[in-house]
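User: I would like a close look at a single part of this model. Please keep the answer connected.

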Amino acid sequence: WGNSIFSSQNNIMFPSSDQITGLPQSSKSYLNSGTTRTLSPIVTGTSVLGIKYEGGVLLAADTLASYGSLARFKNVQRVHKVNKSTIIGAGGEISDYQYIQALLKDITIDDESFGDGHTLSPSEIHNFLTRVLYNRRCKFNPLWNVVVVAGFDQGKSYLGYVDMVGTSFSDDYIVTGMGAYMALPMLRAAYRPGLTYDEARKILEDALKVLFYRDCRTINKFNFARVDATGVTIDEPVILETNWEVARV
């Protein structure tokens, strides 16, 4: 009888990628591999801290992007302006954060192109990011970020949080990453309504020092960004004064 054309070697009904002629090798590999998703972040940033003060909101984040456990990129800004009333800061995968920045740039350009004098409010931007991150989570292809949204609009301060699965809330102070374990108790103890800018800055500086001592994914170089009635201000990176004398004990 010989070999049947429907044998495993000559499966014309369901040929394998190797039996398909004329395809480059890369295409055959793609047919075999199927759809893949990011399973873990590669280049990451750590904690972002935010706190409200009288007449504005202050954010802070270090400038390190770690490649695994390697402190690889030491001048990465992780707090950015969205529009005249909103700033964001993010931890997690840096490339995903760049994608989020591109999305926000697109909607900001669309908003400004109407020329009606209206701009997206901080809460609207926070809700937009919540929908984006939850949508990607539902596709099992999440953006590996935790984003803090800060703004000042119509005389009111706004501070919101959203993570990679779309969990979101707003509060008077927010900390992400390792800071949620070490710095959040400090902010909770020190915060009170009506803080001045200098008091809020001192609270964040003290918390950032503790994170520098304890978090192996941070460095002693930070960006501070604030938003108030005058608009958005992002300071140049600063190095905080630290004390390692305790290590001699």
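User: Which side chain does the side chain of Thr-218 join in a polar contact?

Analyst: The model is a predicted one. In it, the side chain of Thr-218 is joined to that of Asp-62 by a polar contact of 2.6 Å.

As for its place in the chain, Thr-218 lies in a loop, with helix α6 (197-214) on one side and strand β12 (222-228) on the other. Thr-218 has a relative accessible area of 10% and counts as buried, because the cut-off for that class is under 20%. Leaving aside residues up to four places away in sequence, Thr-218 touches Thr-46, Asp-62, Leu-64, Leu-211 and Phe-212.

Ile-42, Tyr-67, Leu-70 and Phe-73 make a nonpolar surface patch of about 390 Å². Of these, Phe-73 belongs to strand β5, which covers residues 70-73. The relative accessible area of Phe-73 is 34%, so this residue is partly exposed, a class that runs between 20% and 50%.

For the setting, the protein chain contains six helices and 13 strands. Of its 249 residues, 42% are buried; Thr-218 is one of the buried residues. Among contacts in the chain with a separation of 6 or more, 61% are between residues 24 or more positions apart. The accessible surface of the chain is about 14200 Å², and carbon and sulfur atoms account for 54% of that area.

Conventions: Residues are numbered from 1 along each chain as its sequence is written. This is a predicted model: local features need pLDDT of at least 70, side-chain atom pairs count only at pLDDT 80 or more; totals for chains, interfaces and linings use all residues. Side-chain values use heavy atoms; hydrogens and water are left out. Patches are made of residues with over 30% relative accessible area and no salt bridge: like charges are joined within 9 Å, nonpolar side chains (Val, Leu, Ile, Met, Phe, Trp, Tyr) within 5 Å. Accessible areas come from the Shrake-Rupley method with a 1.4 Å probe; for residues, only the protein chains shown count as cover. A salt bridge is a side-chain nitrogen of Lys or Arg within 4 Å of a carboxyl oxygen of Asp or Glu. Helices (H or I, at least four residues) and strands (E, at least two) are DSSP runs, numbered from the N terminus. Buried means under 20% relative accessible area, exposed over 50%, partly exposed in between (1.4 Å probe, protein chains only). A polar contact is a pair of N or O atoms within 3.5 Å; within protein, one must be able to donate a hydrogen and the other to accept it, and residues adjacent in sequence count only if both atoms are side-chain atoms. Contact means heavy atoms within 4.5 Å.
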